[in-house]
Amino acid sequence: MAKARSAFVCTECGAEYSKWQGQCSNCREWNTLTELRLGGTARAASGAGAAQAARQGYAGAGGVELTDLSRVDLSELPRFSTTYSEFDRVLGGGLVPGGAILLGGDPGAGKSTLLLQTACHLAQQHRVVYVTGEESLSQVAMRAHRLALPTQGLSMLAETSVETILAMAERERPAVLIIDSIQTMHLEDIASAPGGVAQVRESAAALTRFAKSSGTALLLVGHVTKDGNLAGPRVLEHMIDASLLLEGSADSRFRTLRGQKNRFGAVNELGVFAMLEQGLREVKNPSAIFLSRGEEMAPGSLVMVVWEGTRPLLVEVQALLDESALGNPRRVAVGLDAQRLAMLLAVLHKHGGLFTGDQDVFVNVVGGVKVLETSADLAVLLAVVSSLQNRALPRELMVFGEVGLSGEIRPVPSGQERIVEAARHGFTRAIVPRGNAPRQTPAGMEVVAVERLSKALDAL
Ligand code: TYD
Ligand code: MG
């Protein structure tokens, strides 16, 4: 008989131990190990099977055939569209049969709305089952009705037992299975409460195994904790094929969908939606949506062009410098990396001769956009200078470029396209890296190409 086994899993990094310990030896966090009681069924049984195979000298494995890598079928993954091109873009071209996708985001981000809209449209062509563990069937139906979605053909189930869901799925064999959310699911075998690391991990594992073996595309909803991690951070990461994050600030109607991991495509694509009265609408040409076109630019404001996946995006960066009352002035970056901001301020002092060590520095990217690209460096620095000197910059100025530690301005990818995009939106002046100086300057655009930070400051 299989015996119940238990293991201890770090909730931070997912490392697994057979005994409890106070500190995780992998990520060095304290008190992060929680006990996983693994049921007698699946795991213990496979353990016994392995032991038996070992005794028999792996006799059963004799029939396995190896494949030469060059002979593996190169035909494209058989993808199918989610019916939303912004969603497909982030997935790398659509859903893949057997693929497991995690859709994360804050409560209220619009995960259920996005998946309900997708499910209703997909169900017109494919077999789709939507399992809700959070809302009742009538709540979901009311929402679908209000959003005027085609509801016929979509199979619904209000259920939280993974065993029941799997039995249903084995029978129905849907092309797409949606679980909203993984935090509400539970397996009977596992002692802990739903939402705990053990339940989330084992429920996701069971569902993912089903997806792989049946060819069903699996979409799991996961809520994000305050620090931006999924409950039981990283414990799901190795099981799923793609992890997407739906984000948006509370005061903005725009929602961005970004890939954090994707075995089927690139992770740098950004999908953009607007949350309207009638649900989520795709924004297919988002390049200028984050620009607020006020009359006057305030000191500290500057527009930059970032490159998101395969598209340019014009975004405004704002800096506010204020004399610090503290011995240790604050550096706060919203939508940017705070470490990088600290580095840029050091470069500004060393190579630009401008001291900000006695100032609190706040930098914000408008519209709740997260900028992960180094092309924002120069714009951030010039916005800081603008606030420091309390001098507004011209409205029609656009800036991009990476700043190096020795004060050099480095070129970034797709320079020409960024300049063209800014010109399209009426910008007439640009400060860009020398390496990105355009061969052909768009009509009406004056481009200053600089090699060093000091030159950029002169150009200001
Ligand atoms: P929801 O999809 O329930 O979020 P999640 O599943 O990520 O928790 O979205 C809820 C929010 O979206 C809620 O604050 C209201 C807003 N919303 C609209 O503005 N318009 C709509 O048509 C819908 C359905 C929701
Ligand atoms: Mg929801």
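Modeller: Helices (H or I, at least four residues) and strands (E, at least two) are DSSP runs, numbered from the N terminus. With those terms, serine 181 is placed in the loop between β7 (176–180) and α6 (197–214). The model is a predicted one, in which local features need pLDDT of at least 70 and side-chain atom pairs count only at pLDDT 80 or more, while totals for chains, interfaces and linings use all residues. Residues are numbered from 1 along each chain as its sequence is written, chains are lettered from A and ligands numbered from 1 in the order in which they are written, and side-chain values use heavy atoms, with hydrogens and water left out.

Colleague: How many helices and strands does the protein chain have?

Modeller: The protein chain contains 10 helices and 21 strands.

Colleague: Is serine 181 buried or exposed?

Modeller: Buried means under 20% relative accessible area, exposed over 50%, and partly exposed in between (1.4 Å probe, protein chains only). Serine 181 has 0% relative accessibility and therefore counts as buried. In the protein chain, 49% of the 460 residues are buried.

Colleague: Which residues does serine 181 touch, apart from those up to four places away in sequence?

Modeller: Contact means heavy atoms within 4.5 Å. On that basis, serine 181 touches Gly133, Glu134, Val221 and His223.

Colleague: Where does glutamate 135 lie, and which side chain does a polar contact join to that of glutamate 135?

Modeller: A polar contact is a pair of N or O atoms within 3.5 Å; within protein, one must be able to donate a hydrogen and the other to accept it, and residues adjacent in sequence count only if both atoms are side-chain atoms. Glutamate 135 lies in the loop between β5 (128–132) and α4, and its side chain has a polar contact of 3.2 Å with that of arginine 143. Glutamate 135 has a relative accessible area of 19%, so it is buried. Beyond four places in sequence, its contacts are Ser112, Val140, Arg143 and Asp180.

Colleague: Which residues come nearest to ligand 1?

Modeller: A residue is near a molecule or strand if one of its heavy atoms lies within 4 Å of it. Of the 16 residues around ligand 1, the nearest are Gly108, Lys111, Ser112, Thr113 and Leu276. Helix α3 (111–122), helix α4 (137–146) and strand β11 (270–276) each supply at least two residues of this shell, and α3 gives the most, with 3 residues.

Colleague: Which polar atoms lie close to the oxygen atoms of ligand 1?

Modeller: A polar side-chain atom of serine 112 is 2.7 Å from an oxygen atom of ligand 1. A polar backbone atom of glycine 110 lies 2.9 Å from an oxygen atom of the ligand, and an N or O atom in the side chain of arginine 146 is 3.2 Å from an oxygen atom of ligand 1.

Colleague: Which residues touch the most other members of the largest nonpolar core?

Modeller: In soluble globular proteins, nonpolar side chains tend to be buried together. A nonpolar core is a set of buried Ala, Val, Leu, Ile, Met, Phe, Trp, Tyr and Cys residues joined through side-chain atoms within 4.5 Å. The largest such core here has 46 residues, and Leu302, Met304, Val315, Val317, Leu336, Val363 and Leu378 touch the most other members. Helix α8 supplies the largest share of this core, 8 residues.
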